[in-house]
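Please look over the sequence and the model shown here.

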Amino acid sequence: MNQPDKEYLTVALPKGKLFGLSADLFAKIGYTAEGLSDQSRKLIITNEEKKIRFIVSKTADVPTYVEYGAADIGVIGKDVLLESQKDVYELLDLGFGKCHLMMAVPKDRKRARLADYANTRVATKFPHIAERFFSQYGMQMEYIKLNGSIELGPIVGLSESIVDIVETGTTLRENNLEEIAYIMDATARLIANRVSFKLKFDRISAMVQDLKTVMGQN
């Protein structure tokens, strides 16, 4: 972190569904900048008056920016945070972006017990989370990492099952898949770089308290 950066608080926001909710929440405590949008072509958007910088990045990259100090704080889903295995502080459950991780299989190939899927292939964006889950049951699985359209895995014969996030279940139903095992809930979390949290403790702590206030947690 170079000297000028100490004047600023740098916030990493994820593109996509969490962006608008995150930006709106920060705006309520005065943390915003002109032109802040996940569609902006500018990579860094700055509020010089309040010494705030926003980095708008791909969701999966937010924990990396925060861990390495390119951002002081960031907003990320608990699912992505756990999967990334990054060494950051988790400061606050922001409560929005709620979903859950689960295992699903084709309805017409459903097996009697979870253990009956041992030693089969799982398509997922979350191989680390999936491995921890199946290890609890002593199940060895083969994990196939996909980055999109996880539901395709069983449909095209790439895997016997999927581990993915679900909000409404509509996509599962449309692809004739059925949830057979719940893994965990996930919501958006505020995270911080460990060094930044110490060097900018007063400012970050005050921001967390302000967020709690507007969220009705105080």
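**The sheet and what surrounds it**

Ile-45 stands opposite Phe-54 in β3. The strands β2 and β3 pair in the antiparallel sense, over four bridges; two strands count as paired if DSSP finds at least two bridges between them. This is a predicted model, in which local features need pLDDT of at least 70 and side-chain atom pairs count only at pLDDT 80 or more, while totals for chains, interfaces and linings use all residues. Residues are numbered from 1 along each chain as its sequence is written, and side-chain values use heavy atoms, with hydrogens and water left out.

The protein has eight helices and 11 strands. Helices (H or I, at least four residues) and strands (E, at least two) are DSSP runs, numbered from the N terminus. Six of the strands form an open sheet in the order β2-β3-β1-β4-β11-β5, with mixed pairing. At the edges stand β2 (44–47) and β5 (89–93), each with a single partner strand, so one side of each is left without a neighbour in the sheet. From one strand to the next the twist averages 25 degrees.

Which strands does α1 touch as it packs on the sheet? They are β1 (9–14), β3, β4 (73–77) and β11 (188–192), and the direction of α1 makes about 145 degrees with that of β1. Helix α8 (residues 201–214) also packs on the sheet, touching β1, β3, β4, β5 and β11, and its direction makes about 25 degrees with that of β5. The axes are lines fitted to C-alpha atoms, for helices over the stretch in contact, and angles run from 0 to 180 degrees between N-to-C directions. Contact means heavy atoms within 4.5 Å.

Now take the protein as a whole. Its C-alpha trace spans about 60 × 35 × 30 Å along its principal axes. Of the contacts with a separation of 6 or more, 68% are between residues 24 or more positions apart. Of the 218 residues, 45% are buried (under 20% relative accessible area; exposed is over 50% and partly exposed in between, with a 1.4 Å probe and protein chains only).

The pockets come next. On a 1 Å grid over the protein atoms alone, a pocket is an open set of points where a 1.4 Å probe fits, with protein on both sides within 12 Å along at least five of seven lines; lining residues have an atom within 4 Å of a point. The largest pocket holds about 720 Å³ of space. Its lining has 37 residues, and Asp-79, Val-80, Lys-125, Phe-126 and Ile-165 lie nearest its centre. Helix α3 gives the largest share of this lining, five residues.

The second largest pocket has a volume of about 180 Å³. Among its lining residues are Lys-15, Asp-38, Arg-41, Ile-55 and Tyr-65. Strand β3 (residues 52–57) supplies the largest share of that lining, three residues.

Two loop residues remain. Most residues other than glycine have a negative phi. Gln-85, in the loop between α3 and β5, has a positive phi of about 55 degrees although it is not a glycine. Ser-149 is not a glycine either, and has a positive phi of about 50 degrees. Ser-149 lies in the loop between β8 (142–145) and α5 (152–155), and is partly exposed, with a relative accessible area of 47%.

How values were computed. Points joined across faces, edges and corners; volume = space filled by probe spheres on them.
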